[in-house]
Structures are given as C-alpha cells and as structure tokens.
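The stops below cover pockets and then aromatic rings.

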Amino acid sequence: MIAFLTHNMAPLMFVALVIFLLIGYPVAFSLAAIGIFFGLGGIELGLLHPTLFQALPQRIWAVMSNDTLLAVPFFTFMGLILERSGMAEDLLDTIGQVFGPLRGGLAFAVIFVGALLAATTGVVAASVISMGLISLPIMLRYGYDRRFATGVIAASGTLAQIIPPSLVLIIMADQLGRSVGDMYEGAFIPGLTLAGLYALYALGITLVKPAWAPALPQEARTLREPDGTSGTRSLVVLVLVATAAAIGFAKYKYGPDGPTDEMLVVSTAVGVGVAFAASVINHFAKLGLLSRIAERVTFVLIPPLALIFLVLGTIFLGVATPTEGGAMGASGALAMALARRRLSIKLLKQAMDTTAKLTAFVVFILVGARVFSLTFYGVDGHLWVESLLTNLPGGQLGFLIVTNILIFVLAFFLDFFELSFIVIPLLGPVAEKLGIDLIWLGVLYGVNMQTSFMHPPFGFALFYLRSVAPAKDFTDTLTGRLTARVTTGQIYWGAVPFVLIQIVMVALIISFPGIVTGGIAKKQALDIRNIQIDVPAEEREAPGEPGAADQPGDAGQDSQQEQAEKALERALGGGPEKPAAKKK
C-alpha cells in the first residue's frame, strides 16, 4: 500500500481534487486542503522534505505582490461603473435604429454593441445583464424567436471574455508567464472574428428563417428626418469619409508590415475623430449636411470608442502597462458616469463592494492553487503530466486536440478563473516543451473557455440572462399585448448554435495561427550567432606589457578573455566606451 501511494501520489492528488470539486466544495479551499494534506502525507512517507512548507509564505507573498493582478480590480470596477452609467442603453437604442430597417437588425445591433461593451467593460455579467434588460423586451415585442434572441444576447455578452481588456487574458498571461500586452494584441483579431461569425450566423437565420428575425416596423423607427426619410444616406457618406481617413492614416503611419491590432485601434480613433469633428461643425454651424441619425450615432459612439483608445490604445502603443491602462479606464468610466449625472455614493459603494468580492475570490483561488502546486510539483506531478501529454500521438496537433477537449469538458463544471489557475499551469510547460507559442496557446484556450459561460446547464451567461428574462407571461407596456414568458429550455437551446460557433473558432485558430500571431507586434530579435567581434591590433596586447598576449600561460589567457569581454560589451552597446546610437 505504501509503495502504491509513493509511486502514485500525483495522480491521487488530481483525482482527489476532481472528487472535491464534483462534491461542491469551494475551489480555493479544496486546492489548499488537498495540497496541505498530501504534503503532510508525502513528508510522512519520506517523499518530501519537512522544510517544503517553509516556501509557502514566500509563494503567497508572490501572489500578493504581483503587480499584473492589479489590473483585475481596475477593469472590474470600470465595467461595473459603465454598466450603470447608461452607456449601454444609448448604444442599443441608437444602433438598433440604424439596423432596424434590416431584417434581423436588432440581432446585428446586439452583436455590435456586445463587441463595443466587451472592449470597454471586460466583464461578461455586465454585458449580458445590460443587453438582456434593454434588448430582450424589444426583440420579444416585435416577434423575434425566443431561442434566437436569447442566444444572440448571451453569446454577444461573452465576447467580453476574449476581446481585450478581458479578465481571463490577464490571468492567462500571469499563469503562462507572458506579457498581458502581448496577450491582448494576440486576442484582438480573434475576438473581432468571433463577433463576425456571430453576425454571419444571424444573417443566415434571416435568410433561412426570416420569421425569426423581422425588421422593425415603421412606427418603431423614431430617428427620422422632418420629411419622413430615414437619413441613412448622410450616415453612409460620413462612414465612408471616416473610413477613408482611417485607411489613409494607416497606410501613411504603419505601412503593410505594421502591427495589426495597434493599427486598427489607432486608425479607428483617427476615423472617429474625423466623424466627430464633422458632426460638431455641422451641429454648431447649422449646416444641415448631416441627418439626425448621423449626428446621434457619432455622439453616442464617441464615449465608448474614446474609452477603448484610452485603455487599449495606450497599451498597444506602449505608453501604459495593462495595469496603468486599467487605472486610466476606471478613471475614464468615473468621468463618463459623472458627465451623464449617474455617479452617486450608492453607485460607488455597489461597484467597490462587487469589485472587492471578485478580487478576493480571484486571490483566494490563486493562493489555494499555489498551495496545491507546491505539493504537486514536490511529488513530481508536473513530470507525470508532461509524460502523459508529450507521449500523445500526433505531436503538437494531438496535444492541442486532447487539451482543448479536456478544457471544453471541464468548462461544464468550472468557470474560467478556476480553469486558469488549475489547468493552465500544468499545460503551459508541456506546450512550451513541444515548441508551441504560449501567447497563441493562451488566446486559443481563452476562446475555448468562453464555452464555460455558454454551454448548458451550468453556463453563467445563461444564468445571468435567466435572472433578467421574463419568467412569467407579462403585458407589454407599449403595445398592451400579453407576451409569453421565456423558458429556461429556450435559453439553453438558443445557446447551442453559438457554442458550436465558438468551437469552430477554436478550429480556425488551430488551422490558421496567423489570426493570433499576425496581431502581435514583431520584435527585433538579436541573433548572437551573427555577432562579429573585431579586436583592434593595439588591444590584443596587455597595456604596458608588449607581447604579453602572445606569451603562453594563465596570465595571457586571462588577458585575452578580459579583452574579449570588453570588446563584446562594446559590440552590444555597453561598456565604458559606448558609441552613440546611429539613426537609421
């Protein structure tokens, strides 16, 4: 029995953790308890040294002193303030009017606003609840299919999981030992691509099942011109002018080889600035060149886009770290709420209370994970995991298929925080040994973990939507008609197509890695094999000792080594005689 325990301590730890989690014990305490219990058992069996737990305070201190994790409360606070600032209501109302004349227009508006909220709030709960409260009653009022409507809202809300500034990407970068900024750059294009796939599915529904997604009736389109026209012509012209300005700036500033994510954010800011300037001039000069809807769209989009540039633009440009970007985003959210006259002591208290709870939740799980990993690594659990995964058939592809299936299954029972703290630290070293880029891997797993919010019956986004969807038949306040309730089964079935789309996105990232790596700024690498060191003839001899370098013995060898080191310092730009940098 003792021999069995000695040789199988790591698998037993993993099995015990799974059992505790299935029973329903809190994750943080399960991790810590199993780590301590098996650690004491390992010491008793002679597998571990009694001084092992002396490293525990240092590991916990490393968690508390981790500057990267400061971004979590900043972005959480920013999202909670924005949720209550009224920005989502204005966006959904205005964008809904823009897309309203189209069949499925409200669905397109929800996806568009979901992507914008994801890039500003970074919090899934805030996005799903806001859009569920605002859009779902309107979609039900005008005859949208309940499964399609709830699926679009839940899926669009989960875009906050992968579009920066996502909380899961911060945790992923920390656990994989990579830069949060690089993780954001890699995730930007996949996040927008996923939103595009959602819109493509909505378009397919309008073609195959047009009754599921009707256009807004004429009386519901309130943003109209005095002569009764929609005013979309001037909006299209304004969009074309802003797009041309953005493309021109991108070609002038970045060229064909510039970093995609930075180019998109900065160029979009330039295009929006042009549209904003045109709208301001038209409004105050009373030129009458732009319609009501064109001006409304511009003025409503400015605050969230300005906040996106304040956070992501400064990070991508290298002006701020992700932690500093989160602090600026929180300040910007407070300013926006203040400008809208929504800021109050009650709002601040609610936001800070929720932020403190979520941050404590994250830190407790991370502390428990550190206790578990201390013992797990002590009994060579990482070598056991490595031997399991490196021997899979198919090499890198086999590893990716198996681990993504594992994460997909575990996501039925664990949320993304728990997956990030428990599973990712075990998979990262194996992936690096197989030659897989960890930034790319983090984004891939981030997309996969989105399914933890969506797949029935434990998806959190579905619970958020269930909390705001009508559970009983109700009378519509505008039309006075009795409207049927939304059932839990309809919410679950509506989520299934979007879970499949997320799986398709995982397959696309595996098949086309450039979706992720193309957005990361290329860093100039220094190949030490190409360094040439030219030592001048007068430096080959020790000063004051002509010919000393040519004499055999230790003194001559030491002198040559010292001179070579100095020459290497100068070649790399260091040393006391550092040459001036040449302008390229």
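Predicted model: local features only at pLDDT ≥ 70, side-chain atom pairs only at ≥ 80, totals over all residues.

## Second largest pocket

By class, the residues lining the second largest pocket comprise 16 nonpolar, 5 polar and 3 charged.

Next, show the helices around the second largest pocket: α5 (71-83), α8 (124-141), α10 (167-176), α16 (345-378), α19 (416-422) and α23 (460-468) each give at least two residues to its lining.

## Largest pocket

Now select Phe 112, Thr 268, Val 272, Leu 301 and Leu 305. Among the 41 residues that line the largest pocket, these lie nearest its centre. The volume of the largest pocket is about 1,400 Å³.

Which helices each supply at least two residues of the lining of the largest pocket? Select α6 (87-99), α7 (105-120), α11 (180-208), α12 (232-253), α13 (260-285) and α14 (292-316). Colouring by residue class then gives 34 nonpolar and 7 polar residues in the lining of the largest pocket, with no charged residue.

## Aromatic pairs

Switch to ring side chains. Over the whole structure, 16 aromatic pairs are found. Start with Tyr 144 and Phe 148: their ring centres are 6.4 Å apart and their planes lie at 5°, so this pair is stacked. The cut-off for stacked is under 30 degrees between planes.

Are Tyr 144 and Phe 148 buried or exposed? Tyr 144 has a relative accessible area of 3% and is buried. Phe 148 also counts as buried, at 3% relative accessibility.

Move to Phe 460 and Phe 463 for another geometry. Their ring centres are 6.5 Å apart and their planes stand at 85°, so the pair is edge-to-face. Both residues sit in helix α23, and because they are 3 residues apart there, about one helical turn separates them. Phe 460 is partly exposed at 32% relative accessibility, and Phe 463 is partly exposed with a relative accessible area of 39%. Helix α23 was also on the list for the second largest pocket, where it supplies at least two lining residues.

For the last stop, select Tyr 144, Phe 148, Tyr 198, Tyr 201 and Phe 498 together. Ring pairs join these residues into a cluster, and the stacked pair of Tyr 144 and Phe 148 belongs to that cluster.

How values were computed: Residues numbered from 1 in each chain as written. Heavy atoms only, no water. 1 Å grid on protein atoms, 1.4 Å probe; cavity = no way out; pocket = protein on both sides within 12 Å on 5 of 7 lines; lining within 4 Å. Points joined across faces, edges and corners; volume = space filled by probe spheres on them. Helix = DSSP H or I, 4+ residues; strand = E, 2+ residues; numbered from the N terminus. Nonpolar A, V, L, I, M, F, W, Y, C, P; charged D, E, K, R; others polar. Phe/Tyr/Trp six-rings, centres within 6.5 Å; stacked < 30°, edge-to-face > 60°. Buried < 20%, exposed > 50% of the residue type's maximum accessible area, 1.4 Å probe, protein only.
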